[in-house]
Every structure is written in C-alpha cells, then in structure tokens.
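Open the structure in your viewer and keep the selection tool ready. This tour goes from one selection to the next and says what is there.

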Amino acid sequence: MARIVSQAPSLAEGAGLNVLEAVVHNAQKVTNMLKAILFEERVMVTPTALGIKFTVERSKCLQASAFLQTDLFDDYFFADAEEISFRVHFQHLMDCLAIFGSGDRPGDDGGSPTTLRLCYAGYGSPLHLVMEKDGMVTRVELRTMECDEVLDFGFNSVRLVNRIIMGASWLREVFGELDMTSDFLEILMSPVEPFLRLSTFGEAGSSHTVYGMDGDVMECFECQKTQVNRYKLSLIANTLKALVAATKVSIRMNAAGMLSLQYMVVFE
C-alpha cells in the first residue's frame, strides 16, 4: 500500500541514516526501465554498491531483471552492509512515480522533469519516495515485504555455447510481427548457415526469419555448435517492452538450452 504522508518545501529535508539514498533528476529514466518488466504484481528490490536491481518472476520459468546502475543516478549512496532485498507492490510503485505525470522532457507536460529521491532505512522499513517538480514536493511511503526465495536458474553454472549481440531494431521488426497463435518460438543458433533463425508455427502455418552475418546486423557472433530450442511464446512476449526501449540485444544459450536475453538501454 502506498501512502502520501506529507508535502514539504525541500527535497533535501528528511535525509537520515538510510542504507540507501539515490537521487535522479529525471524520474522518467527510472520509470522507462521499470515499465520493461512490469508484468507481475510484486517486484523484488535489491540495492547494491553498483546500483539497484529490480526482479520479477513468472511461473518459475521466466525471470526478468532491470538493473539501474549508479551512473543513472545523479547522487547515489549505499551503506556498506549485508546484502538486503525486499519486495513492494509493483503497480503501486509505478503509480507513485507517475504522480506528477510522465513527461520525460522539459515542456512535455508544461513543466520540468520530476526529481526523484529513493530512501530505505533497512529491514522492516518502508521505501520512501520523494518527488519534486516545479517547486512542489510530495513524499510517499511504500510498504515493503519480505522476499520469497528467488529462483536460481544457474545459467552461468552451465557452459555457455552460443552468444550473439545485435542491434535491437533488427529484432523489433520481427518480434512485432510474431504469430501469437504459435505456442512456441523456435530459435536456431549455429556457426554455419543459417546462423540465426527465428520460427513460429501458428494457425496460418509456419514462419521463419533468418539473419546472416551482415556486419550491420551482428555486432558479435560467437557460436560453437548448432542449437535448436523452443521456448513458450507467451513468456518471450513479456520481454517485448524491454526490446522497444533497447539499442542492443544479447542472445545467449548455454549447453542446457537455457535462453538469456539482455537488453541494453541507453539514456542521453
């Protein structure tokens, strides 16, 4: 549950002995990153010295994370403490971030971007959000919950077989036209032609998209052997929001056939 507890004249007021304090002068950067994984009710928040990791899981088959590196923030402090994690209601968090609207450029909604401060004092404490826009400050407390055990897929514990890095625009066009009547998305990765192939098998028949070794498409191509694996299309579809915001995509498969998709999002 989110609760607006006060309004204050200064964003700097209220700084205390927190284990986490992070400030970003354009809250839309945070909002855009989190929208990419907004498909579950609760999100796990893990602050670290390198940034803040937000993680959601679905059906014990899909795990999605958005990692906000310290470079994204204008000020960042994390106490040298033991690893901490907590959960919050995801939609409540997003609603709080949108209190002053969603304009990400000055003038988009008649004013300047929203400045956001995130504060967390430790186990059992609420997550504090302080937002300032055009001289108006709003403070929100978001109740935190204990974390359930996070599923460890062990991707890195199995030998990596194939890895491709490519421009996101090449995948966006294909993923936007996937036949959603297909139960599976078949991905072929190979050191020989066809190199990378995406296939669906829907009510209207099969569809195949092949990517060659064009330097404009492939930035990195490291394939040791041919792998052909099928993944539930309904799970893959959850990653499309991240793909829209990405500039590059990393596609990896380990020897067990587990798939890892990493999307790079760059902010100016």
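By class, the residues lining the largest pocket are 28 nonpolar, 11 polar and seven charged. Ala, Val, Leu, Ile, Met, Phe, Trp, Tyr, Cys and Pro count here as nonpolar, Asp, Glu, Lys and Arg as charged, and the others, Gly among them, as polar. The model is predicted: local features need pLDDT of at least 70, side-chain atom pairs count only at pLDDT 80 or more, and totals for chains, interfaces and linings use all residues. Residues are numbered from 1 along each chain as its sequence is written, and side-chain values use heavy atoms, with hydrogens and water left out.

**Stop one: the pocket**

Select Gln63, Ser65, Ser260, Leu261 and Gln262, which lie nearest the centre of the largest pocket among its 46 lining residues. A pocket is an open set of points on a 1 Å grid over the protein atoms alone, where a 1.4 Å probe fits, with protein on both sides within 12 Å along at least five of seven lines; lining residues have an atom within 4 Å of a point. The volume is about 1600 Å³, taken as the space filled by probe spheres set on the points, which are joined across faces, edges and corners.

Which strand gives the most to the lining of the largest pocket? Strand β5 does, with eight residues. Colour β5 (62-69), then α1 (28-35) and β18 (259-264): these are among the elements that each supply at least two lining residues. Helices (H or I, at least four residues) and strands (E, at least two) are DSSP runs, numbered from the N terminus.

Two strands pair if DSSP finds at least two bridges between them.

Now select β3. Five of the seven residues of β3 (residues 42-48) are buried, so the strand is largely enclosed by the rest of the structure. Buried means under 20% relative accessible area, with a 1.4 Å probe and protein chains only. Five bridges join β3 to β4 (residues 51-58), including Val45 with Phe54 and Pro47 with Ile52. A hairpin of two residues connects β3 to β4. On the β7 side (residues 86-89) there are four bridges, and Val43 is partnered with Val88.

**Stop three: a second sheet**

Select the open sheet with the order β14-β13-β12-β16, which also has antiparallel pairing. Strands β14 (205-211) and β16 (227-232) are at the edges with a single partner each, so one side of each is left without a neighbour in the sheet. Six bridges pair β12 (residues 184-189) with β16, and Leu188 stands opposite Val228. Helix α3 (residues 168-175) packs on this sheet, touching β12, β13 (196-202) and β14 (contact: heavy atoms within 4.5 Å).

**Last stop: the whole protein**

Show everything: five helices and 18 strands. Of the 268 residues, 46% count as buried.

Conventions. Buried means under 20% relative accessible area, exposed over 50%, partly exposed in between (1.4 Å probe, protein chains only). Axes are lines fitted to C-alpha atoms, for helices over the stretch in contact, and angles run from 0 to 180 degrees between N-to-C directions.
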